[in-house]
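Good morning, and thank you for making the time.

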Amino acid sequence: MGNAPPHPSIRPSDASDASDASDASGESDASGESGESGEDTALLTRPASEGGGLVPRPESEGSGLVPRPADRGTGLLTRPVGGDDGSVPRPGGEGTGSVPRPGGEGGPAAAPGGSRGARGAWGRGRGLALTVLCFLVCAGLGLQSWTALRATGFDLGIFDQAVRAYAHGELPRSPIKNVHHEFPPGFSLLGDHFTPALALLAPLYLLWDDPRTLILAQAALFAAGVPVVRRIVRHVFQDAPPLVGRRAADLGGLVYALGWPLLGSSYNGFHEVAFAVPFTLLMLERGLAHRYGAAAFWAALLCTAKEDMGLVVGAYGLVLAVRAHRAGHRAGRATGLALALAGPLVSALVISWFLPAMGGPEGYYWSYGRLGADPGEALAHVLTAPWVLLQVAATPFVKVGAVAWILGTLALLPLGSPTFLLAVPLLAERVLSDNPNHWPVINHYDAFLWPVLLTAALEALARLHGRRALLRRWTAGALALSSAAAVVLGLHLLVRPDSWRPSPDKRPLAAAAALIPDGATVEADNTIAPRLTARTDVVIVDGTPRGADWVLLRTDDRTFPFASVEEQRQRVALLLAHGYTTAWHRDGTVLLHRTAPATPVPGMRRPGPDSTPVREAVPADVGANLLRR
């Protein structure tokens with residue numbers, strides 16, 4: 001939706017090829033540079049030998065004379081834009097092809113003095129500046145979380161251990177995940193979540209074997225979406241005046257770069273959404289460019305980011321098929337129908353066959369008990385009592401608040417585009433879930449939605465370009481709301497000096513971790529675990545003693561996964577009474593060393609081949625507040 005049909009003299013493939021030529025030359029302005037007047041016109045140079053004066057239009061364009069500018073050495077003919085790539089039909093008698101505009105960006109012919117080239121370079125410069133801004137902000141928040149000890153074993157430590165295993169030519173394994181959740185030894189994370197895209201990061205660990213590699217890589221992947229968003233703007237605003245298109249590209253790129261979902265995900269360390277964001281954007285952009293094979297390629301890659309992304313691909317296939325059918329593009333319709341079928345099929349096969357084949361327990365992540373004990377029972381319940389969906393989605397009320405926040409921060413604009421359909425499966429997963437971690441808007445889950453919601457909002461705005469006052473109001477509202485959300489959920493932290501330092505209860509953890517020798521087995525406070533993954537065999541301290549050489553734990557402040565500080569103190573007392581001694585203690589943080597390994601510790605256990613995985617018990621205060629971290 002939002003794409004005007006091409007000029008009758010231009011084949012769809014011509015428009016797409018010209019657009020791709022622009023893409024290959026670098027990110028550019030959205031709608032060309034023909035001036036500030038708001039008239040979307042193409043300019044043809046007139047040979048200088050013809051002299052000045054008035055120039056008759058070609059026969060096919062009707063009668064009338066066009067004044068020749070007095071200050072130029074060549075005459076200029078204004079002609080209507082022919083296609084969405086900015087190509088111009090040849091005058092009658094010169095063939096039926098099309099003449100692409102110089103520069104391939106949909107703008108006018110280059111004017112003497114290089115002003116067109118200068119404007120194009122300025123547009124690319126703005127795009128580059130926004131890309132750098134996105135990287136710096138996301139990397140800054142991620143590194144701030146590292147410095148302030150907010151990036152924890154769950155989940156930065158888990159992904160770090162997994163990617164390190166890939167770098168060593170092994171399946172992705174994480175002792176932190178496996179031991180805490182009682183998975184058998186050697187369990188691969190591919191049985192937990194389908195995330196083979198993570199293997200693409202393995203070469204980076206050959207350069208720098210450190211968890212911060214993931215933080216920087218995620219920031220780079222998020223930043224790579226900026227030029228893609230600007231290309232999306234160029235497609236959806238192709239019928240708007242050039243000035244409107246250029247401003248839309250800049251504002252769209254800015255809103256994306258400082259998007260609160262990206263900031264929240266960066267704050268939380270690293271997750272597989274790092275790949276889902278650019279893959280989704282590239283799938284959407286290639287579809288708008290009518291490059292259907294490329295759109296299918298990025299859709300296939302999106303399915304490797306996480307097992308439920310096939311549902312997004314399926315919804316996209318439906319939208320693409322309808323749009324292509326209305327435009328008369330048979331290839332697009334076929335591609336859309338194929339994706340609509342293949343996407344959900346891939347998700348179903350991965351969840352029902354691949355994950356169990358890799359050792360994942362069947363139904364391990366089923367969090368929809370209010371609908372039914374399993375997918376079959378839930379489907380039967382919904383078919384017989386469909387109103388249960390609304391009941392579950394609206395209780396507790398924090399779910400309603402989450403949806404209102406997600407859509408409201410873009411002034412409800414995503415609801416004005418069919419692209420919003422792609423967000424429905426992801427939203428349904430969260431509001432129908434029994435897991436309180438899915439309800440707030442401070443986790444990484446919102447970043448999966450961000451490319452879809454922003455693209456839908458841009459498409460809705462593009463339909464308003466002929467109604468200037470309405471367009472300005474909606475744009476201003478969306479910009480104000482998204483900017484306020486970005487400040488609340490991330491930007492303000494970058495300018496607060498105390499946000500760059502660990503809180504008093506966490507500071508001793510770093511000092512104690514430095515005392516642990518390389519290669520040791522460690523049970524560590526979840527907060528400090530990522531600092532030890534590169535040089536020790538580390539798991540997190542939890543409800544079961546694991547018999548590690550060293551145990552590092554706080555006793556004055558609750559840490560995941562303990563339910564209370566008292567439980568942590570009881571653990572320390574148990575270990576001191578059964579073979580451990582205090583090696584270091586400061587401000588409520590204690591480092592224990594196992595000096596009598598022959599002394600058995602009551603309840604001590606490491607998962608074995610017959611271990612039964614357990615699910616996390618979520619503390620009662622999680623999910624009660626929309627914005628609480």
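Let me begin with strand E7 (residues 521–524) and strand E9 (residues 550–554), which pair in the parallel sense over 3 bridges. Two strands are said to pair if DSSP finds at least two bridges between them.

Two remarks on provenance belong here. The model is predicted, and local features need pLDDT of at least 70, side-chain atom pairs count only at pLDDT 80 or more, and totals for chains, interfaces and linings use all residues. Residues are numbered from 1 along each chain as its sequence is written, and side-chain values use heavy atoms, with hydrogens and water left out.

What is the order of the strands in the open sheet? The sheet has 5 strands in the order E8-E7-E9-E11-E10, and its pairing is mixed. At the edges are strand E8 (537–540) and strand E10 (580–586), each of which pairs on one side only. Neighbouring strands of this sheet are turned against each other by 20 degrees on average, direction ignored.

The antiparallel part of my account concerns E10 and E11, which are joined by 6 bridges. In E11, Val590 is the bridge partner of His585. The two strands form a hairpin with 2 residues between them, and Asp587 in the turn has a positive phi of about 45 degrees.

Helix H21 (residues 565–576) lies across E7, E9, E10 and strand E11 (589–594), and runs at about 150 degrees to E9. For such angles, axes are lines fitted to C-alpha atoms, for helices over the stretch in contact, and the values run from 0 to 180 degrees between N-to-C directions.

The loop between E9 and H21 contains Asp556. Which residues does Asp556 touch, not counting residues up to four places away in sequence? They are Val565, Arg569, Asp587 and Gly588, where contact means heavy atoms within 4.5 Å. The side chain of Asp556 makes a polar contact with the side chain of Arg569, at 3.3 Å. A polar contact is a pair of N or O atoms within 3.5 Å; within protein, one must be able to donate a hydrogen and the other to accept it, and residues adjacent in sequence count only if both atoms are side-chain atoms. The C-alpha atoms of Asp556 and Glu566, 10 residues apart along the chain, are separated by 8.7 Å.

I turn now to helix packing. Helix H11 (residues 292–302) and helix H12 (residues 309–327) pack at an angle of about 165 degrees, and their axes are 9 Å apart. H11 is therefore roughly antiparallel to H12; angles over 145 degrees count as roughly antiparallel, under 35 as roughly parallel, 65 to 115 as roughly perpendicular and the rest as oblique. The contact is made by Tyr292, Ala295, Ala299 and Leu302 of H11 together with Met309, Val312, Val313, Tyr316, Leu320 and Ala324 of H12. By class, these are 10 nonpolar, no polar and no charged residues. Ala, Val, Leu, Ile, Met, Phe, Trp, Tyr, Cys and Pro count as nonpolar, Asp, Glu, Lys and Arg as charged, and the others, Gly among them, as polar.

The axes of helix H8 (residues 242–257) and helix H19 (residues 468–494) come within 11 Å and cross at roughly 15 degrees. H8 and H19 are therefore roughly parallel to each other. Their contact involves Val244, Leu251 and Val255 of H8 and Arg468, Leu471, Thr475, Leu479 and Ser482 of H19. Those residues divide into 5 nonpolar, 2 polar and 1 charged.

I close with some backbone details. The peptide bond from Phe154 to Asp155 is cis, with omega near 25 degrees, and Asp155 has its place in helix H3 (residues 153–167). The bond from Thr395 to Pro396 is also cis, with omega near -5 degrees. Leu149, although not a glycine, has a positive phi of about 60 degrees; Leu149 lies in the loop between helix H2 (115–147) and H3.

Key. Helices (H or I, at least four residues) and strands (E, at least two) are DSSP runs, numbered from the N terminus.
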